[in-house]
Amino acid sequence: MEEEKFSEKESLKLITEMIQKAKHSFHENGTSAILWGSVIGIAGLVNFAELYWHFYIGFDVWLIVMAAIIPQVFISIRKSKQKQVVTHIEGVMDTIWIVYGISIFALMFYFNIVPGVTDKFVALEGTSIIQTNANGTTQPFHFFPLSYGSLLLMLYAIPTLTTGIVHKFKPMFWAAILCYIFFIISCFTSTAYDMLLNGLAGIFNWFIPGLILRRKFYGQKKAVNVSRT
């Protein structure tokens, strides 16, 4: 009887500890946020510079965003192996960020493929569209997605705002609100300034919150090590 009571107490204690761990499980080290903030910040600012000062670096700089999916996969696998407690909410949040990554890839694919395919379909129909430049010269018109930077800004805000609300992490919450403000502004600006807003969104949405998470993570890790000694 005593053993049964002791077992019940231990079980209750274990469950309580698991709940407490789950409540405070949002102690990410900020690696993923810093990764995405860096690549999107760099891509947006470099693309803005290309459009504003009229030069080309030799390749589509946004391809680095697609390339970032590879290290993100390794980060996610490593994190899942190290984590001992995964709540239902965390599982849902991980899924949201995975869907976000797939959506970014899909949009980049759309931006790079659809204009060329549209040109081919128009040519097959025997239609020719001529563009007249400001200096009076003409050239064939090529289709392109309108205000694609605005679509990216709207997409950035979705997982960031969700994370900020669910985990009550104010830096991401307010960054997402700022991202929606950038989205509204981008509807009235040229493509060059849309890219500038994209770069700023990467910095404010993820890079800065990632640095805050990293500082908190190592602060908590240091506190745990001190308590053990």
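**Aromatic rings, surface and loops**

Colleague: Is W36 buried or exposed?

Modeller: W36 is buried, with a relative accessible area of 6%, and please keep in mind throughout that this is a predicted model.

Colleague: And Y100, buried or exposed?

Modeller: Y100 counts as buried, because its relative accessibility is 3% and the cut-off for buried is under 20%.

Colleague: OK, which ring does Y100 pair with in α8?

Modeller: The partner is W206, and the two rings form a tilted aromatic pair, with 5.8 Å from centre to centre and 50° between the planes. Y100 belongs to helix α5 and W206 to helix α8 (residues 191–228), so this pair ties together parts of the chain that are 106 residues apart in sequence. Like Y100, W206 is buried.

Colleague: How many aromatic pairs are there in total?

Modeller: The count comes to 11 aromatic pairs. One of them joins W36 and Y100 in an edge-to-face arrangement, with the centres 6.1 Å apart and the planes at 70°. That pair also links distant parts of the chain, since W36 is in helix α2 (residues 31–53) and Y100 in helix α5 (residues 88–124), which puts the two 64 residues apart.

Colleague: So which residues end up in the cluster?

Modeller: Ring pairs link W36, Y100, Y156 and W206 into a cluster.

Colleague: Let's zoom out. How many helices and strands does the protein have?

Modeller: There are 8 helices and 2 strands, and along the sequence they follow the pattern α-α-α-α-α-β-β-α-α-α. Of the contacts between residues at least 6 apart in sequence, 74% join residues that are at least 24 apart.

Colleague: What share of the residues is buried?

Modeller: Buried residues account for 30% of the 229 in the protein. The accessible surface comes to about 14,800 Å², and 69% of that surface belongs to carbon and sulfur atoms.

Colleague: Which residues form the nonpolar patch on the surface?

Modeller: The patch is formed by Y52, W53, F55, Y56, I57, F59, L63 and Y193, which together have about 870 Å² of accessible area. Y56, one of these residues, lies in the loop between α2 and α3 (63–67), and with a relative accessibility of 60% Y56 counts as exposed.

Colleague: Now backbone angles: which residue in that loop has a positive phi?

Modeller: H54, which lies in the loop between α2 and α3, has a phi near 60°, a positive value in a residue other than glycine. H54 is exposed, with a relative accessible area of 70%.

Colleague: And where is K168?

Modeller: K168 is found in the loop between α6 (148–166) and α7 (170–186). Although K168 is not a glycine, its phi is positive, at about 55°, and its relative accessibility of 73% makes K168 exposed.

Colleague: Last topic, cysteines. How many disulfides does the structure hold?

Modeller: The structure holds 0 disulfides. C179 counts as buried at 1% relative accessibility, whereas C187 counts as partly exposed at 45%.

Conventions
Residues are numbered from 1 along each chain as its sequence is written. This is a predicted model: local features need pLDDT of at least 70, side-chain atom pairs count only at pLDDT 80 or more; totals for chains, interfaces and linings use all residues. Side-chain values use heavy atoms; hydrogens and water are left out. Rings of Phe, Tyr and Trp (its six-membered ring) pair if their centres lie within 6.5 Å; planes under 30 degrees apart count as stacked, over 60 as edge-to-face and the rest as tilted. Helices (H or I, at least four residues) and strands (E, at least two) are DSSP runs, numbered from the N terminus. Buried means under 20% relative accessible area, exposed over 50%, partly exposed in between (1.4 Å probe, protein chains only). Contact means heavy atoms within 4.5 Å. Accessible areas come from the Shrake-Rupley method with a 1.4 Å probe; for residues, only the protein chains shown count as cover. Patches are made of residues with over 30% relative accessible area and no salt bridge: like charges are joined within 9 Å, nonpolar side chains (Val, Leu, Ile, Met, Phe, Trp, Tyr) within 5 Å. A salt bridge is a side-chain nitrogen of Lys or Arg within 4 Å of a carboxyl oxygen of Asp or Glu. A disulfide is a pair of cysteine sulfur atoms within 2.5 Å.
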